[in-house]
Every structure is written in structure tokens, then in C-alpha cells.
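Thanks for coming. I will go through a few residues one at a time, so please have the sequence and the model open.

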Amino acid sequence: MDQSLLERIIRLDENDEINIIRILILIDKMAGRNQKQTIDGINKLVKLDFLLRYPVALERALMKLKKDKDIPKIDIQVYERESVETNLMHFNYGPWDSRYRRFLTILEAKGLIAYIISGKTVNVSITQTGHKTVEDISSFSEFQDYVIRSGLIKRHFGPYSSKKLMNFFYEVFPEMVTMKQGEEIKI
Amino acid sequence: MNLKIENLTLTCRKEIIEIPFAKNITYFYGKMGAGKSTILQLIDYCLGNELVVTPALQQEFINAELELVLGNNQVTLFREKGSNQVQVEWVDLQKQEVLNVIAPINKQENPQPLVPNTNIILLTDLLFYLGGFQPPLVRKSKKSENTDLIRLSFRDLMWYCYLNQDEIDSSMLHLEKEANNFKRLKSRDVMRLILGFHQESVALLESELLEVRNEKATLYSTAKQLHVFLEENQIGETSTILKRIEDIDEDNQQVKININNINKEIKQENSHPVDKLREEARSYAILLDELNTSVYDIEVQIAQRKRLLGEFASAKMKVNRSLIARNTLKDLEFLTCPQCERELINRVPNNKQCSLCKVPFDDKNYFESNNIEVIKTDLTSRYIELQDSITRLNRQRDAMLKELRRIKEEKQVIDEDLLELQTTYDSIYLAKAKSYERTLGELKAEKLALHKLLPLTNQVKELQEKADNLLVDEARLKRELKEAREKAEKDNTNLEELKSLFLENLVEVGLPGVNQSDIVSISTNDFIPKIYRAKDDDVYEMQFSKCCFALAIHRLAKQRKVPLPGFLMIDTPMKNISERENEDIFRGFYTFLYKLAANELKDLQFIVVDKEYYPIPEKISKKVSIIKKHMTPDDPMHPPLIPYYKGH
């Protein structure tokens, strides 16, 4: 692959649209069938999105929980295991990603999600329009895996608090604790 | 044989009794039961006879010690009651050595010589040795000519030196038919010895004959054993053995040739194909190595390209998602301001400009969708190319793997062939070589054995020949011996002398009815003297004749220097003749005895036991040494043998 194509693809990855749509799907699924449930805090949302963005991590988390029945449902593609992006996972992990705030602002400005401030916590919920948009986009095969994986995340990690998720992550991915910034990791 | 009894010491429980003996005549007399005969018996006991145990001895006797001069030795014989051995101590009067041995009376198992480097093992041998004589050899069996020689015992001679009162008239020195067979024969041997029938030449021939006979027997038995051995082991004649040795040599040659041949074969046959196969195997190994490296390289490339393919797939997916996401979001207009979050109230739908930034739309696509499409197309073509190259690489790798397998299989076949070739050649060679070597070894061993056997067959012959030669010797010796014996027995000077001495004795003693003209006959078969009246054939009952016969024998022995022990013990010569009725005979006998003791037999020691004492004439008593001892069982003046013993 020549440099220009690689660069272009990485740039593609940095495009907001895919990230915005992925987060929207996650928020929609987390809201449940009645679309009333909320995600308690952006920190939790970011962690859940980590699992959605890197299916290899989701697989490992489910393996830790011994949810063997659900693991095949993740349906990880070969390129997802071996692509450059997977290896760069660490760069993209965590609440440090400043882009989340922009994604959420855009989603909110377009009336797809809604904030409810509860004390110091921001609870995120889906809107009618947002739900309609997710339904539309779900018809594309390219987004099927996001939909299915979001369901799995909701089922197994929905009730987790942000802190509990954090501890769980350090248990499942101990290399994240010791890893230096910029180091490539393999999961 | 010089034998003089000097002293008898009797150790009893309460007293030690010394009985001295005179050089010429020692006379014990007195009533019965005083122990006179016991003295003679004790002397005999010390010389090796059994002891007739009287009640007194039974109770009181402990041991007896007899001092005597024997040959040139001062000898002490010491014997405990009931012992079957005699302690002998002697001083060689010439050498002044004191020696001491314990001599068994009867034959023992594993006897040890009493005197070093001699065959003296019993008391009888020792007595002969001390007396200075070799024990005369006599034939063991008197009937057979082919018999061993045995030594005459001292005890046999004692029959002629001790006239026991119990046998004094009833036995003629064990010569008569009624006597114990063994004693009779031994007694006859003594007679032969005295009469000179047992001549030196006869004895020499006899021992020579015996030696020849033994040697012959040994040779024959050895030859026989050897023959049996050869027969049993199926070893034939010398010629057969030689033939077999020749055959073995031939076989040996053949086997050696065979060994050479297989050595050559193995070199020729094995080296070429093995080397060839080895070369082949080596080239295959190199090929295999190369192929393995190539396959590995290809697999690395395939893996790399597959990863790239993954990247392309991932990129394609992203491009698609990106397009959809963009289109979806494009249609959703902002309802609130992303900047201030206030609702956009004065939104004017306008296709000519952006509702937020009011910048007019130009013809260019705002979302650079073309750009994305270009990437998508580019990706697709690259993806296809990459997939194609992977497919090609896979194909190439599969081909290589196939080749690899083929070469591996071929190499395995070659390896197996090589191994088989080597092992079979080795094993065939080894088996053959081993079998040949074994055959060689066997042949060698057999040859060696045959060579060893070769002299054996000859030896049988030699042995037999030697034995046959000895047969001639034996026959000659037999003939010579027979002649010598006949000659010896024909030479009856001694016999005639004995007859005349006997008759003279009888006449001198004055036995009634015996005349100078009577004829004495002594058969050389049994040596029993008989007296015939010249007129008729009546044979006189010879009461009392034994003493006269014994005296005659001793007179002859003296004349002929026959090694009879130089003493004569006579126990009650008048036993069956009342001295009252036959005073003449009593007087006549002792007068004659004293006369002999003073003159002709002055070297002979007489020990006499009788009920009464016949005084020795003064004329004689001056010339000879005499000890007389009166013994009674009850008179304190004349105490018995054991003075304190008063009967039981």
C-alpha cells in the first residue's frame, strides 16, 4: 500500500461521520426498546464505545465473563483482527479523546440525542429523530455489525457503572495499565 | 635276636611291685594262686598280647612297665591296663639317644610311621626294628602261588618263646590241625623260617615276582583303560587318525579360500551401489533444504499480503460506511446552533447557500464524494490485484509443497534402500564370515585333539608289549622260585638236625619209653613231630613233648642264627605230670634245662614257673645268674605277686 492511500484511509478514519453514526447507534441501543433509558455519564459512553469500536476487545471482555454463547455473535472479520487500525487501538482509547464532546454536540444540534443533567452527571438519551435515523441506517449491511455488537454491549455491560467498567477493563486488559503512551498493542 | 628281660614293674592301686629277672634263669615257684603265671602274662602283655585278667588284676592292676635289652637298645615298654597301645622308650646303647614313641598294637587307619622314613607302624614292627631285624616276609596265602607277601609278626615268634601252661600239652605250638587256622599257618611260617626253608633267595625271588606281577598288572590295566577309552571315543587306529588329520587340513584350506572370496565379494559388490545411493541421498537432502526455505519465504509473503488484503477490506468498509454516514448526516439539518445551542429560528430553506454559514453552494460537491469514490475504485482494483497475487502465491506454494513431498518420499526410499543395502550386505557377510570362522575353529580344535590322541594308540601297544615282556619275566621268576623253593625244602639238614635234637632232648629228659633208636618224623607240611618205634608203627602220645620240642627249636635257632627272641618262658612244664609219680622226669627235665642254660643255651634267658623248685646244682649255679622266688598266696614270708591282696 503506498503512503498516500494509507494516509487517505487514516484520514477517513478521522472523519467525524462514521464516529458520529457509530455513537448514535450505541446510544440508541442503550436506550432500549422503549427508548427511555439513558447512559449515565459521558465517561461510561466512551468506555462502551471502546468495546464497540474494537470488536477484539469486546471478544476478550466476553471471554472474561465466560459468555461463550455470545462470542460468535460478534462475528469478527479477518481484517478486524489484523488491520493497522486494531493495532492503533490504544491511541484511540479512553476519555482523553477530545473529539467526543464535538460528536455529541453535533448529535444534539441535529436533534438526534438529548442531554438530561442530573446533578453533576450528564445522562444521554436518544430522540425520536435519532431512533428513526438509526432504524434507517440499520438497513445498510455495512452497519449491521455495529447494531448487533451494540446489543451485546447493552446486554452485558449496560448495568455497569463507569467505575466498575474501569476496574473491569484493567482486569481484562492489564497491558493498558503498564503501557506507555504511543506503544502499539496487540490484543 | 638279643632279648633280655631285666625288670618288670607292676603298678597296683596300693603298691608298686618290682620284679627283677636274672640273665640266665629266673624261677618262680610256690602254691597255686600266688600270681606266678600272671608275671609271664604281664611280660607278654607288655610285648603286645592280650591280658588274661585275673580277679586280682581286675581289682588292683593299673599299669606294667617292662625293662629289657633288645638288640643294642635299652628298652622300656609301658602299657596301661586295657590300653591298645604301648609306650616305648629306648636308649640306643651305641648312639646314647633316648627315643620315645607310642606304638599301636593293632592296625590303624592312616598309620603314621613310628620312626621317620621307615614303614614301622605297629609295636611288632618296632620290636623287630629295635632287635635289629627286618621282619621276615612270608606269603599271605599258602595255597596260591600268586599271592602277596606279608610281614611275619613278632607275636608269631612269641609262640615259640612262651609256653603257656594252659596250652603246654594240649597244643603243639599251634601247629596241629585243631588249632586256629590262621595261627597254624603263621606258626608253620615260623617253622619254615627256623628250618631255613624260607631262604633268602626264595624271599628275594618272591618279592621280585611280586614286583613283576604288580607292574604287569598295572601295565595291563592301564593299557586296557586306554583301549576302552579309545574305543568309547571311537578313535580308531593310528592310520585312521592320520587320514582324518589330512582331511581336516584340506577342509581348512577350503574354508580359508571361502573366507578370501567373500572378503573380495563384499568389497566389489557393496561399495559401488552404496556410494551411488549415498550421493543421491545427499543431493536430495540439499534439494529438500532449498525447497523448505522457498516454501517458508512464500508463506511469509502470503501472510504479509493477506494482512494487506485485510487492510484493504477494512478500508473499503470504512469508505462505504463513511459515504453512508455522510449522506445520512447531510440530510439531517441542524435544529440548534452547534455553537450557542440556541434554536435556529430564521432558517430559510435555500438550495443556493448553507443555512448555517450562508456560503453559497457552488457546483462542486461539498462532501468531496468524488474523492471518496476515487479512493473506493483505487482500493477495489488494488484489492483484486492483491487477492490475485495471493492466489498465485498460494498456487506456487502448493506446487512447491507437492514437490517437497515427492522429494521427501523419494529420499525416504533412497534412505531405506541404502540402509537395507548396508545391513543386508553386512549381515550376509557377517553370517558367512562367522560360520566360516567357526568351522575353522572347530577344525583346528579337532586337529589338535587328534594330534594329542595319536600317541595314545601307540601307547596301548607299547604298554601291552611291556606287559607281555613282563610275562616272560614272570614265568622265569616263577620257575626259578619253584626251583629255589624245592631246593630249599630238599635241603633238610636243618630238619634232620631238629629231629635229632628233639629226640636227644626227650632221651636226656628221660621220658619213659623213648629210646635213642626211635624215629622222629616231622612232615614238611604241618611240622608236627611224631615218634615211631622202630619195630611197629604205633605213635606215642607225646605228653610233655612240647617243652622238649621248644628247646630243640631254640637249640636249632641258636645253631642256625635264626632271629628267635632270646628268651624262653615256660609256665609249669610238669602240669599234667605229678612230680611225685614222675620224679625222674621232673629231675631229668630240670637237670637237662640247667645244663643247657649253663652251656649250649647260655645266651638264652629262661623264665620258669612251677609249683616246686628243683634246686640248681652248685656246679651250675656258680656259672649262671639265677633269681628264684618263692610265692604263696597266704604265707607272709613268701608273699604273692600283689602282697597286700588277700583275695576277693
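Cys337(B) is buried, and its relative accessible area is 15%. This is a predicted model, so that value, like the others I give, is computed from predicted atoms.

Staying with cysteines: how many disulfides does the structure hold over all chains? The count is zero. Take Cys548(B) as a case. Which cysteine sulfur is nearest to that of Cys548(B)? That of Cys547(B), at 6.7 Å. A disulfide needs the two sulfur atoms within 2.5 Å, and Cys548(B) is in none. Cys548(B) is also buried, with a relative accessible area of 0%.

Next, Leu641(B). Please find the segment after strand S15, which covers 626-630 in chain B; Leu641(B) sits in that segment. Buried or exposed, then, for Leu641(B)? Buried, at a relative accessible area of 6%. Under 20% counts as buried, so a value of 6% puts Leu641(B) in that class.

What does Leu641(B) touch, once neighbours within four places in sequence are set aside? Its contacts are Leu10(B), Ile17(B), Ile19(B), Ala34(B), Gly35(B), Thr38(B), Ile39(B), Leu42(B) and Met631(B). Met631(B) is ten residues from Leu641(B) along the chain, and their C-alpha atoms are 7.3 Å apart.

Still in chain B, go to helix H6, residues 200-232, where Phe229(B) is placed. Phe229(B) is partly exposed, with a relative accessible area of 37%. Leaving out residues up to four places away in sequence, Phe229(B) touches Leu453(B) and Leu456(B). How far apart are Phe229(B) and Leu456(B) in sequence and in space? In sequence the separation is 227 residues; in space, C-alpha to C-alpha, it is 9.9 Å.

Last, over to chain A. His131(A) lies in helix H9, residues 128-138. His131(A) is buried, with a relative accessible area of 18%. The cut-off for buried is under 20%, so His131(A) falls in the buried class at 18%.

Which residues does His131(A) touch, not counting those up to four places away in sequence? They are Asp28(A), Gln35(A) and Ile126(A). With Asp28(A) there is also a polar contact, side chain to side chain, at 2.7 Å.

That is the last residue on my list. I can take questions now.

How values were computed
Residues are numbered from 1 along each chain as its sequence is written. Chains are lettered from A and ligands numbered from 1 in the order in which they are written. This is a predicted model: local features need pLDDT of at least 70, side-chain atom pairs count only at pLDDT 80 or more; totals for chains, interfaces and linings use all residues. Side-chain values use heavy atoms; hydrogens and water are left out. Helices (H or I, at least four residues) and strands (E, at least two) are DSSP runs, numbered from the N terminus. Buried means under 20% relative accessible area, exposed over 50%, partly exposed in between (1.4 Å probe, protein chains only). A polar contact is a pair of N or O atoms within 3.5 Å; within protein, one must be able to donate a hydrogen and the other to accept it, and residues adjacent in sequence count only if both atoms are side-chain atoms. Contact means heavy atoms within 4.5 Å.
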